Amino acid sequence: MAKEKKGEYRDVGKIAIYPGSFDPITYGHIDIVERALEIFDKVIIAIAENAEKRSLFSVEERLQMVKTIFKDTPNVIVDSFKGLLVDYVAKTNAKVSLRGLRATSDFEYEFHMASMNRSLNTHLDTLFMMTSKDYFFVSSRTIKEVARLGGGVEGLVPDLVVRRLKEKFKLPVAKKKQIGWDD
Ligand code: PNS
């Protein structure tokens with residue numbers, strides 16, 4: 001709530017930023033967004049453009065996929081950012097950065113990142129949500145590895161992402177037939 005005049009408050013809504021690489025987005029990420037929408041009025045999915053991290057999909061490709069997936073969810077905004085997350089957050093009304101936690105092994109990395117962000121901006125809190133049990137083994141990294149080696153990732157990522165992965169890895173026709181990847 002933002003204070004306008006003495007005793008008057010204007011509800012600007014609760015906004016969470018959900019930053020990440022989303023290379024590619026998985027049902028684990030989508031589940032976090034859907035649950036966050038029960039707590040926040042708006043969720044901004046902020047796709048990081050990280051020159052140091054080699055990504056499979058370009059930022060434009062990731063934006064296109066995520067925008068398509070959330071095209072019917074008006075309180076989800078899809079954007080990308082370069083540089084520090086805290087600088088991006090400063091341009092929004094968000095006070096919370098949202099991250100999914102799959103296992104204790106995620107914790108150390110997340111703890112360092114959250115602590116660093118809080119030291120850069122004391123107004124930014126990181127909120128962790130436990131990934132649903134159906135997806136706690138799902139990560140963008142393993143999805144890419146499985147898809148690259150010809151394994152099926154249906155049910156773990158949206159169909160659109162399955163198609164984009166197939167296009168990226170351009171599996172030979174014989175291999176596609178063998179694993180039932182014919183369109
Ligand atoms: O999905 P990921 O790759 O685990 O997401 C990591 C991400 C993009 C949230 C993180 O690397 C990030 O915030 N990058 C922006 C640069 C930054 O602000 N770094 C300082 C935090 S340690």
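A polar contact here is a pair of N or O atoms within 3.5 Å. Keep that cut-off in mind as you open this predicted model, and let's start at the ligand.

**Stop one: the ligand.** Select the ligand and bring up its surroundings: 13 residues surround it, and the closest are Ser21, Lys53, Leu85, Arg99 and Tyr109. Now pick out Ser21, where a polar side-chain atom sits 2.5 Å from an oxygen atom of the ligand. Move on to Lys53, which also brings a polar side-chain atom to a ligand oxygen, at 2.6 Å.

**Stop two: the loop between S3 and H1.** Next, select strand S3 (15–20) and helix H1 (27–36), then the loop between them, where you will find Pro24. Which residue does a cis peptide bond join to Pro24? Asp23 is the partner, and omega is about 5°. Stay in this loop for Phe22, which lies there too. Check the backbone of Phe22: its phi is near 50°, a positive value in a residue other than glycine.

**Stop three: a helix pair.** Finally, select helix H2 (residues 59–69) and helix H6 (residues 159–169), and turn the view until you can see both axes, which are 10 Å apart. The two helices pack at an angle of about 155°. Angles over 145 degrees count as roughly antiparallel, so that is how H2 and H6 run relative to each other. Their crossing is right-handed. To see the contact itself, show Glu61, Gln64, Met65, Thr68 and Ile69 on H2, with Leu160, Val161, Arg164 and Lys168 on H6. Colour these contact residues by type and you get four nonpolar, two polar and three charged.

Conventions:
Residues numbered from 1 in each chain as written. Predicted model: local features only at pLDDT ≥ 70, side-chain atom pairs only at ≥ 80, totals over all residues. Heavy atoms only, no water. Axes fitted to C-alpha atoms, helices over the stretch in contact; angles between N-to-C directions. Helix = DSSP H or I, 4+ residues; strand = E, 2+ residues; numbered from the N terminus. Parallel < 35°, antiparallel > 145°, perpendicular 65-115°, else oblique. Left-handed = near helix turned anticlockwise from the far one by under 90°. Contact = heavy atoms within 4.5 Å. Nonpolar A, V, L, I, M, F, W, Y, C, P; charged D, E, K, R; others polar. Near = heavy atom within 4 Å. Polar contact = N/O pair within 3.5 Å; in protein donor to acceptor, adjacent residues only side chain to side chain.
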